[in-house]
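Please look over this protein model. A short report on selected features is wanted.

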Amino acid sequence: MAKALENRFGAENISEAEQYLNAVPPSDIDPRVERLVNELIGRVADKWTMLILELLEEKGTLRFTQIGRQVEGISQKMLTQTLRQMERDGLLTRTVHPVVPPRVDYALTPLGNSLSAAFCGVWVWAERNLEIVEAARARFDARG
């Protein structure tokens with residue numbers, strides 16, 4: 001499993017994520033940073049944002065219709081809303097090509113790529129704690 005994580009995120013991202021996981025949080029966190037973290041967690045916790053982020057990370061630049069076909073279950077309205085919010089946050093770029101019919105491409109920005117890499121920490125945490133979580137769930141379910 002560790003090799004799969006390294007192939008997906010790279011050794012440098014994994015090393016950085018492990019440092020964050022082992023660090024003690026500072027007591028003097030800037031409230032603006034805390035607010036941004038809370039907003040981004042809320043946004044990326046939205047499954048559509050995560051799926052689009054992962055898709056664009058994996059496939060590169062895609063057209064609106066390609067994203068819609070590859071993100072199973074997303075409505076056109078939700079896709080539009082999610083892409084607009086991601087563009088507003090600076091996570092992706094939207095390029096409109098002046099052709100008929102209109103063609104619109106979406107690609108991750110360096111900021112979007114870095115957010116994708118930041119989730120490496122979640123994968124590292126999950127790998128480290130999988131058995132503990134599974135045991136806790138089994139104990140809870142056995143009480144039932």
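The report below covers a helix, a ring pair and a loop residue.

## Basis

This is a predicted model: local features need pLDDT of at least 70, side-chain atom pairs count only at pLDDT 80 or more, and totals for chains, interfaces and linings use all residues. Residues are numbered from 1 along each chain as its sequence is written, and side-chain values use heavy atoms, with hydrogens and water left out.

## Helix α6

Helix α6 covers residues 76-88. Helices here are DSSP runs (H or I, at least four residues), and strands are E runs of at least two, numbered from the N terminus. At 1.5 Å a residue, its 13 residues should span 18 Å, and the end C-alpha atoms are 18 Å apart, which agrees. The expected span is 1.5 Å times one less than the number of residues.

The buried residues of α6 are L79, T82, L83 and M86. Buried means under 20% relative accessible area, exposed over 50%, partly exposed in between (1.4 Å probe, protein chains only). They fall within an arc of 95 degrees seen down the axis, so they line one face of the helix. The arc is taken from the directions from the helix axis to the C-beta atoms. The face turned away carries exposed K77, R84 and R88. Cover for the buried residues includes α4, α5, β2 and β3.

## Aromatic pair

The structure holds one aromatic pair. F64 and Y106 are tilted, 6.4 Å centre to centre, with 50 degrees between the planes. Rings of Phe, Tyr and Trp (its six-membered ring) pair if their centres lie within 6.5 Å; planes under 30 degrees apart count as stacked, over 60 as edge-to-face and the rest as tilted. F64 lies in α5 and Y106 in β3, so the pair ties together parts 42 residues apart in sequence. Both F64 and Y106 are buried.

## Loop residue T109

T109 sits in the loop between β3 and α7. At 12% relative accessibility, T109 counts as buried. Leaving out residues up to four places away in sequence, T109 touches G90, L91, L92 and T93 (contact means heavy atoms within 4.5 Å).
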